[in-house]
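Colleague: I have a model open and would like to talk it through. Can we start with the overall picture and then go to single residues?

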Amino acid sequence: MNPSTPSRPGSGDRSRAIVAAARRVAEAEGWPAVTVRRLAAEIGFSQPILYRSFPGGRDEIVEQVMIEGFRAMADGLADPVGEGDRLAHVVRTYLAFARTHPALYEAMFEARTRIVFATAQTPEPLRAAFGSFLRAVSATGMDEREAVVRAELLWSMLHGVARLAASDRLDPALEQARLGAIIALFVS
């Protein structure tokens, strides 16, 4: 290859390009528009090249988008620096994430996937995001089972609020009151 010929991206670069294209298309047109054919056209590779990177096709690509979404969510939910109220941070950050990344959020929670939650096989970014919920609701002396149930309930409640808000089913004027009420329910 001469110096003026661009190098072909490696498989890691190609995988990242495919995942980024899937997210771009989903954010612009929704997940039904994300097909292997469409992604191949978006990044200029043939469909067999996409299948080489993701043998499971579209579902595997969406799973990777999902894992990256949980990684971003976990980073945002991580213990706040200089902020004492971990619970309020988790509540506000989670709902802001759902609102500002609707297509990513949809992939994370509504896409068909082989990924199993709450097991030893659960990918680390998913466990890290849940860990933030667990730390936010745990209290001194609380047994682990109770803390896990409280974390699951907080996550479930926030997911419901996020989905209802996304479909304009909640009064936006009540948002602060709603956040305060959620936090009050989970204060130890």
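This is a predicted model: local features need pLDDT of at least 70, side-chain atom pairs count only at pLDDT 80 or more; totals for chains, interfaces and linings use all residues.

Colleague: How many helices and strands does the protein chain have?

Modeller: Nine helices and zero strands. Helices (H or I, at least four residues) and strands (E, at least two) are DSSP runs, numbered from the N terminus.

Colleague: And what box do the C-alpha atoms fill?

Modeller: Roughly 65 × 35 × 30 Å, taken along the principal axes.

Colleague: What percentage of the residues count as buried?

Modeller: Of 188 residues in the protein chain, 38% are buried. Buried means under 20% relative accessible area, exposed over 50%, and partly exposed in between (1.4 Å probe, protein chains only).

Colleague: Now the rings. How many aromatic pairs are there?

Modeller: The structure holds 11. Rings of Phe, Tyr and Trp (its six-membered ring) pair if their centres lie within 6.5 Å; planes under 30 degrees apart count as stacked, over 60 as edge-to-face and the rest as tilted. In one of the pairs, Phe 133 and Trp 155, the ring centres are 4.6 Å apart and the planes are at 5 degrees.

Colleague: Why does that pair count as stacked?

Modeller: Because its planes are at 5 degrees, with the centres 4.6 Å apart.

Colleague: Where in the chain are those two?

Modeller: Phe 133 is in helix α7 (residues 124-137) and Trp 155 in helix α8 (residues 144-166), so the pair links distant parts of the chain, 22 residues apart. Both Phe 133 and Trp 155 are buried. They also belong to one aromatic cluster, whose other members include Phe 70, Tyr 94 and Phe 130.

Colleague: Change of topic. Which loop holds Ala 33?

Modeller: The loop between α1 (11-29) and α2 (36-43).

Colleague: Is Ala 33 buried or exposed?

Modeller: Ala 33 is buried, because its relative accessible area is 19%. Leaving out residues up to four places away in sequence, Ala 33 touches Val 25 and Arg 38. From Ala 33 to Ala 22 the C-alpha distance is 9.0 Å, and the two are 11 residues apart in sequence.

Colleague: Which residues other than glycine have a positive phi?

Modeller: Ala 118 has a phi near 60 degrees, and Asp 168 has one of about 55 degrees. Most residues other than glycine have a negative phi.

Colleague: Where do Ala 118 and Asp 168 lie?

Modeller: Ala 118 is in the loop between α6 (102-110) and α7, and Asp 168 is in the loop between α8 and α9 (175-186). Ala 118 is exposed, with a relative accessible area of 75%. Asp 168 is exposed too, with 69%.

Methods:
Residues are numbered from 1 along each chain as its sequence is written. Side-chain values use heavy atoms; hydrogens and water are left out. Contact means heavy atoms within 4.5 Å.
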